[in-house]
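Me: Before we go through this model, I would like the terms set out with their cut-offs, and then the contacts taken one group at a time.

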Amino acid sequence: DMADNIKIFGLLLLIALFSGCVKDGEDPCPPAGSVKIDFFVEKFRNQSENPLDDREEEFLSRVNHLRYFLYKEGELYKQGIINNFTKATSPSYSFQFTELDYGDYSIIVVANSTKEALTGDPVNADNLLLTFPGCADTEDYFTAVFPFSIQSDEVKEYEVGLMRTHGVIRYTFKNMPADITDMEIVMKNVSQEKWITGDYMTTCEASRSYVVLPLGRQAIEDDYIMGTFPTLTDEKSTYHLNLYKERSATPYISQMITDDLVVRRNQLLDIEVTFNDGYLSFE
């Protein structure tokens, strides 16, 4: 009768409410949770290896592009590219994932790789690789690898720091001859590869050519800035300088300035070269 039908319908509705997404004879959906991860940018010359110890006040002052890869139990679960930062608040950018099944996860974020320096099949996180593309094309890369677990239906919230991959070298000159028109700076034995889940590997030469203008003493007041991946652990990098007069193709001076340099990630290396009647000294 009508009353029995109403009771049966009510019972079915109650079962549906409690079983969530039971359908077509499947088992109930596994329990799920949510996570909010706030990413901050490491400040230049942070003295700690923990990027959260010294953070940029404005996330967007350093980051204009993000790629992210979310892994569940080691398998690629979701990935994406973000270059519209409507959700960025001043110091951080937040990822929010809901309805995550219980289990172990990891998120990888790479910032500012717009020129295809990031390669590797992301189906496996260990494949992801940043290759130094040369000084003219390199960008201000940051990376983060953050594992987390979902074990309850509470919203978990975490803070993660994006680590800068580059070291920065500033070259200055004193008493440079007034007839120098061009200059090439070469850094030998700096890292070529940064494995996102690992370390720096292999080495390369990083070089950049400059036109020294205007001619004369004021040119030497310029700072010449170059960004490279750091020196490999327990190794040294070498600074070579080629100077040219009057647009000549042959260097007027070609000299190794020092083979005892260490470029460090996120740190500034200052090198000053002084010209003394044809001799070059450095500090």
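Reply: Buried means under 20% relative accessible area, exposed means over 50%, and partly exposed lies in between, with a 1.4 Å probe and protein chains only. The model is predicted, so local features need pLDDT of at least 70 and side-chain atom pairs count only at pLDDT 80 or more, while totals for chains, interfaces and linings use all residues. Residues are numbered from 1 along each chain as its sequence is written, and side-chain values use heavy atoms, with hydrogens and water left out.

Me: Are Phe 59 and Phe 85 buried or exposed?
Reply: These two rings form an aromatic pair, 6.1 Å centre to centre with 55° between the planes. Rings of Phe, Tyr and Trp (its six-membered ring) pair if their centres lie within 6.5 Å, and planes under 30 degrees apart count as stacked, over 60 as edge-to-face and the rest as tilted. Phe 59 lies in the loop between β1 and β2 and Phe 85 in the loop between β3 (75-82) and β4 (92-101), so the pair ties together parts that are 26 residues apart in sequence. As for accessibility, both Phe 59 and Phe 85 are buried.

Me: At what distance from the ring centre does Lys 245 lie over the face of Tyr 252?
Reply: A charge sits over a ring if NZ of Lys or CZ of Arg is within 6 Å of the ring centre and within 35 degrees of the ring normal. Lys 194 lies over the face of Tyr 200 at 5.6 Å from the ring centre. For Lys 245 over Tyr 252, the distance is 3.9 Å.

Me: Which side chain makes a polar contact with the side chain of Arg 265?
Reply: Arg 265 is found in the loop between β15 and β16 (268-276), and its relative accessible area of 12% makes it buried. A polar contact is a pair of N or O atoms within 3.5 Å; within protein, one must be able to donate a hydrogen and the other to accept it, and residues adjacent in sequence count only if both atoms are side-chain atoms. The Arg 265 side chain reaches the backbone oxygen of Arg 164 at 2.9 Å. Its side-chain partner, at 2.7 Å, is Glu 42.

Me: Is Glu 246 buried or exposed?
Reply: Glu 246 is placed in the loop between β14 (237-245) and β15 (253-261). Its phi is near 50°, a positive value in a residue other than glycine. With a relative accessibility of 64%, Glu 246 counts as exposed.

Me: How does Arg 45 stand, and what is its relative accessible area?
Reply: Arg 45 also has a positive phi in a residue other than glycine, near 70°. Arg 45 sits in the loop between β1 (32-41) and β2 (66-72). The residue is partly exposed, and its relative accessible area is 43%.

Key: Helix = DSSP H or I, 4+ residues; strand = E, 2+ residues; numbered from the N terminus.
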